[in-house]
Amino acid sequence: MSLENKFLYKYLNNASPTGFEASGQKIWLEYVKPYVDTYFTDNYGTVVGVVNPEAEYKVVIEAHADEISWFVNFINAEGYIYVRRNGGSDHMIAPSMRVNIHTDDAVIPGVFGWPAIHTRKEGKEEAPTLDNIFIDVGARTKEEVEKMGIHVGCVITFKDELQELNGKFYSGRALDNRIGGYMIAQVAKKIHESKVKLPFGLYIVNAVQEEIGLRGAEMIAAKIKPHVAIITDVCHDTTAPMYNKVTSGEQIAGKGPVLTYGAAVHKKLLDLIIGTAKKNEIPFQRAAASRSTGTDTDAFAYSNEGVPSALISLPLKYMHTTVETASKEDIENVILLMYQFLVELDPSFDFRYIK
């Protein structure tokens, strides 16, 4: 297995829930260090690798490191654990899932239980909701649960790992958006190995706390004060059953990176990226956002009196499940598009719409 693949599997399989990203950030930083000149972190755990730190003009490429998860919210007298969301966790997929409960000293296995089919009344079955899903850790009392080190506030992640489908796709939990962290790390590696001398400072940003409101990006944008920001995240592949293309558009895993139009996306920057894609024959797709992109693009765009920002998305099947699925070819094309854009970017370009 190549160094890149070892990093991919180690990084994706590691749990990095929102607010508790440190273990994953250490893995990411260790991989990126050889390809940057220096690095820094902030108080909440965002990590930034920097190429040409002395340069006045600053360009960001960014992904977010956190994954959705759960919190222990209530332990009843019989030892069953009830939860609340940490980010957009899906109650519908929880029953029968295996979980890890992260305590101060250990990782405790558990399962989301659910009544057997034999005991449910046909036509009157209860659907999973936040009020009725529960975790069983093999305890019979609240005191037994607490002796395991489990308490209100412990974070919980699904126990699923990365796999390949048909040699063409990766599937697993937390591709949203640690696959983005993988991709920006590969851009840093590609720049280092090609010995390209960039005429600006490059800030490779792996931000925390995107899933609960773009918080890590807000903090680090204020710290870096970049001139340009390229964000990579995931978007929905809408070709699978039960998606509505009329409302969600048509984005297809395997057909290339998705470039989004929207108020936060700077049109002149987007045009440059499209020009790069066409010039280098990199396939791409288009999408439209409404009021906001819902990604860290918004945080960077509206920071520091306005930062020209754009979004390069990876089409993803089954977002916020344990089987998020992305095309290997798309991943390589996102990396290539970001790399080629950086190589071609002229820091003297004037992003003003009106001069």
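**Close-up views of a predicted model**

**View 1. Strands S1 and S2 pair in the antiparallel sense over 4 bridges.** Two strands count as paired if DSSP finds at least two bridges between them. Helices (H or I, at least four residues) and strands (E, at least two) are DSSP runs, numbered from the N terminus. This is a predicted model, in which local features need pLDDT of at least 70 and side-chain atom pairs count only at pLDDT 80 or more, while totals for chains, interfaces and linings use all residues. Residues are numbered from 1 along each chain as its sequence is written, and side-chain values use heavy atoms, with hydrogens and water left out. Thr38 stands opposite Val50 in S2. S1 and S2 form a hairpin with 5 residues between them. Gly45, in the turn, has a positive phi of about 110 degrees.

**View 2. Strand S2 is covered on both faces.** Here 5 of its 5 residues are buried (under 20% relative accessible area; exposed is over 50%, partly exposed in between; 1.4 Å probe, protein chains only). Val47, Gly49 and Val51 lie on one side of S2, Val48 and Val50 on the other. S2 also runs antiparallel to S12, joined by 5 bridges. Val50 has Tyr203 as its bridge partner in S12.

**View 3. An open sheet of 8 strands has mixed pairing.** The order is S1-S2-S12-S3-S13-S16-S14-S15. Strand S1 (38-41) and strand S15 (285-288) are the edge strands, each pairing on one side only. Neighbouring strands are turned by 25 degrees against each other on average, direction ignored. Axes are lines fitted to C-alpha atoms, for helices over the stretch in contact, and angles run from 0 to 180 degrees between N-to-C directions.

**View 4. Glu62 has bridge partners in S12 and S13.** Strand S3 (residues 58-64) runs parallel to strand S12 (residues 201-207), with 7 bridges. Val205 is the partner of Glu62 in S12. S3 and S13 are also parallel, over 4 bridges. In S13, Ile231 stands opposite Glu62. S13 is mostly covered, with 8 of its 9 residues buried. S13 and S16 run parallel, joined by 8 bridges. Ala229 stands opposite Ser309 in S16.

**View 5. Helix H5 (residues 215-224) has buried residues Gly216, Ala217, Ile220, Ala221 and Ile224.** Seen down the axis of H5, these fall within an arc of 125 degrees, so they line one face of the helix. The arc is that of the directions from the helix axis to the C-beta atoms. Their cover includes S1, S2, S3, S12 and helix H8 (296-301).

**View 6. The axes of H7 and H9 come within 9 Å and cross at roughly 110 degrees.** That makes H7 roughly perpendicular to H9 (65 to 115 degrees; under 35 is roughly parallel, over 145 roughly antiparallel, the rest oblique). Leu269, Leu272, Ile273, Thr276, Ala277 and Lys279 in H7 meet Leu337, Gln340, Phe341 and Glu344 in H9. Contact means heavy atoms within 4.5 Å. The contact residues divide into 6 nonpolar, 2 polar and 2 charged (Ala, Val, Leu, Ile, Met, Phe, Trp, Tyr, Cys and Pro count as nonpolar; Asp, Glu, Lys and Arg as charged; the others, Gly among them, as polar).

**View 7. Thr322 is buried, with a relative accessible area of 6%.** Thr322 is found in the loop between S16 and strand S17 (324-327). Leaving aside neighbours within four places in sequence, Thr322 is in contact with Ile93, Met97, Phe158, Asp160, Gly172 and Arg173.
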